[in-house]
Amino acid sequence: MSMTSDELIRIVGAGASVTLDVGTRTKDELVTIAGAAADSEVLVTFRNFGEMAVDDLVEIAKAGDGSVTFEF
C-alpha cells in the first residue's frame, strides 16, 4: 500500500511504529517522519534508501532523536 508522507506522519503521530521503504521520498519528508516518531516516542525503520548521502542520513537520525533505525 502506497501512502503519502502526510498519511504516514498521521499514523506515526498516533503512536504506531512503522517500517518504511523510502522509495522516492525526499530527505525533508524523512526528517519530518522521523521527527513525528520522536515526538510520539515510537520507532521508525527506513530501508531501501538507495544512494542517500551520509550527511542526509545523519540529519534524519538527529531528527528522530533515537527513534530511527536504518536497514542497510
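The radius of gyration used in the first view is taken over C-alpha atoms, and the globule rule is 2.2 Å times the number of residues to the power 0.38. The structure is a predicted model, in which local features need pLDDT of at least 70 and side-chain atom pairs count only at pLDDT 80 or more, while totals for chains, interfaces and linings use all residues. Residues are numbered from 1 along each chain as its sequence is written, and side-chain values use heavy atoms, with hydrogens and water left out.

View 1. The chain holds 3 helices and 3 strands, which follow one another from the N terminus in the order α-β-α-β-α-β; helices (H or I, at least four residues) and strands (E, at least two) are DSSP runs, numbered from the N terminus. For 72 residues a compact globule would have a radius of gyration near 11 Å, and the chain agrees with this because its own value is 11 Å. Along its principal axes the C-alpha trace spans about 30 × 25 × 20 Å. Of the contacts between residues at least 6 apart in sequence, 61% join residues at least 24 apart, where contact means heavy atoms within 4.5 Å.

View 2. The chain carries 5 positive and 13 negative charges, whose mean positions are 2 Å apart. Lys and Arg count as positive and Asp and Glu as negative, with His and the chain ends not counted, and each charge is placed at NZ of Lys, CZ of Arg, CG of Asp or CD of Glu.

**View 3. The largest nonpolar core.** A nonpolar core is a set of buried Ala, Val, Leu, Ile, Met, Phe, Trp, Tyr and Cys residues joined through side-chain atoms within 4.5 Å. The largest one has 20 residues, and those touching the most other members are Leu 30, Val 44, Phe 46, Met 52, Ile 60, Val 68 and Phe 70. Two or more residues each come from helix H1 (5-13), strand S1 (18-21), helix H2 (27-40), strand S2 (44-47), helix H3 (54-64) and strand S3 (68-71), with the largest share, 6 residues, given by H2. Apart from residues up to four places away in sequence, Ile 60 touches Lys 27, Leu 30, Val 31, Ala 34, Phe 46, Met 52, Val 68 and Phe 70.

**View 4. Thr 45 and Glu 71 in strands S2 and S3.** Thr 45 lies in strand S2, and Glu 71 has its place in strand S3. Although the two are 26 residues apart along the chain, their C-alpha atoms are separated by 6.9 Å. Thr 45 is buried because its relative accessible area is 11%, whereas Glu 71, at 41% relative accessibility, counts as partly exposed. Leaving aside neighbours within four places in sequence, Glu 71 is in contact with Thr 45, Phe 46, Arg 47, Asn 48 and Phe 49.

**View 5. Two loop residues with positive phi.** Glu 41, in the loop between H2 and S2, has a positive phi of about 55° although it is not a glycine, and at 73% relative accessibility Glu 41 counts as exposed. Asn 48, in the loop between S2 and H3, has a positive phi of about 60° and is not a glycine either.

Conventions:
Buried < 20%, exposed > 50% of the residue type's maximum accessible area, 1.4 Å probe, protein only.
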